Amino acid sequence: MEKGFAYRSGNNVFFSVRKFPDYGKLSGRSLDHMLEGVRIDVNEEKEDPLDFALWKESKPGEPFWKSPWGNGRPGWHIECSVMSMEYLGTNFEIHGGGKDLVFPHHENEIAQSEAASGEPFAKYWLHNGLIRINREKMSKSLGNFFTLSEATKRWSPEAIRLFFLSHHYQNPADFSEKNMYDSEASLERIYLTLLRASETQKAKGRDAKLESSIRKFEEDFHSSMSDNFNTADVVGNLFDLIRSINRSLDSVGRTQSATLALKKIKEICGVLGVLHQEPAEYMKQRKSTANLSNIDPFEIEKLIDERNSARKEKNWKKADEIRDYLNSKGIVLEDRQDGTDWKANIT
RNA sequence: GGCGGCGUAGCCAAGAGGUAAGGCAACGGUCUGCAAAACCGUCAUACCCCGGUUCGAAUCCGGGCGCCGCCUCCA
């Protein structure tokens, strides 16, 4: 109010958008354009219909705080300006939020903050696209609404993160059973490779090809992230590196380069908040959280032993019967040189 | 109705006037007793549609269509 950006009207305080020349700079709107489409009932107390409240008088029965303008509460954009200035200062690097908040919330936040401080508010604004479910928007009225905690019961939290990372944050992200299945499968493929690479106690020598792939991954990470946080690109590059690791493991064997790859992936993907688990831990967890209907791990191990005996006798019929049976229970077997392992199907 | 944004293969996604990156999936092959995993290979005469500019357009211009967000209060 002292600077003339705001005025008192009754027991309210409003921000005068006309006094702030940059108003509309974030959402790309001009005041005159906005007025054309305005269909709000003009609030008698406002000097201009586009002005917004900084302080509102409380209605009877509402919570309130005491103020020079009477009992009331802060306008609805105030809390964000106050919190960010308290903890980040009058100007800071990045402000995020959903696309739905661009106007008016963020626009008003900028106006009131910059008017008060005289400094630029946030340097960058990241507005994420909204979530869709099976190509429909997620909304309560459509009944396809669910919370994050419900989602984490259905899918692994890490797969959900990977799902979002494989999209550009600005675009809508389309949740679906198929897409989440793919995400879970991708995660497993990655961890399977990391597991191979982590079994490098006796790692010997190095693989120049793999090391150049590692360097490329790291360089690409920086350029992708510098390009408006293109995490989808990073995920693609990660799969390239995963292939390189497998190729190296297949042809050269266990090297210190594989150990290095593991370290780099952990470091870089740690920035993105994924792949923080030990590969062996991940596999163990997949088994323990798998939805094993009508079968327990003990029985699985028993059947695997039985099948391996049959295989030794070249009793392929019996061996295949056991495998088919386990398959019907959602168990997939993997025969390796050092024995047979199992994993649960992704459901 | 107004304003802002988006539309590239089943999915994610690069490209921003010079003849469609990459990843996932799918399919074929190698390996395997057979599988699984892994590896190798294939996979858009085509970029929502219709016009126009240009030697040349996914990229520029005009007009449509579709989708998303916001435009009352609350956060």
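A residue is called buried under 20% relative accessible area, exposed over 50% and partly exposed in between, with a 1.4 Å probe and protein chains only. At 2% relative accessibility, Phe-15 therefore counts as buried. The model is predicted, and local features need pLDDT of at least 70, side-chain atom pairs count only at pLDDT 80 or more, and totals for chains, interfaces and linings use all residues. Residues are numbered from 1 along each chain as its sequence is written, and side-chain values use heavy atoms, without hydrogens and water.

Chain A has twelve helices and eleven strands, taken as DSSP runs numbered from the N terminus (helices H or I, at least four residues; strands E, at least two). Buried residues account for 41% of its 347 residues. The C-alpha atoms of chain A fill a box of roughly 95 × 50 × 35 Å along the principal axes.

A search of the whole structure finds 15 aromatic pairs. Rings of Phe, Tyr and Trp (its six-membered ring) pair if their centres lie within 6.5 Å; planes under 30 degrees apart count as stacked, over 60 as edge-to-face and the rest as tilted. The rings of Phe-15 and Phe-52 are stacked, because their centres are 5.1 Å apart and their planes stand at 15°. Phe-15 lies in strand β2 (residues 12–15) and Phe-52 in strand β3 (residues 52–57), so this pair ties together parts that are 37 residues apart in sequence. Phe-52, at 6% relative accessibility, also counts as buried. Elsewhere, ring pairs link Phe-146, Trp-155, Phe-163, Phe-164 and Phe-175 into a cluster.

Methods. Chains lettered and ligands numbered in written order.
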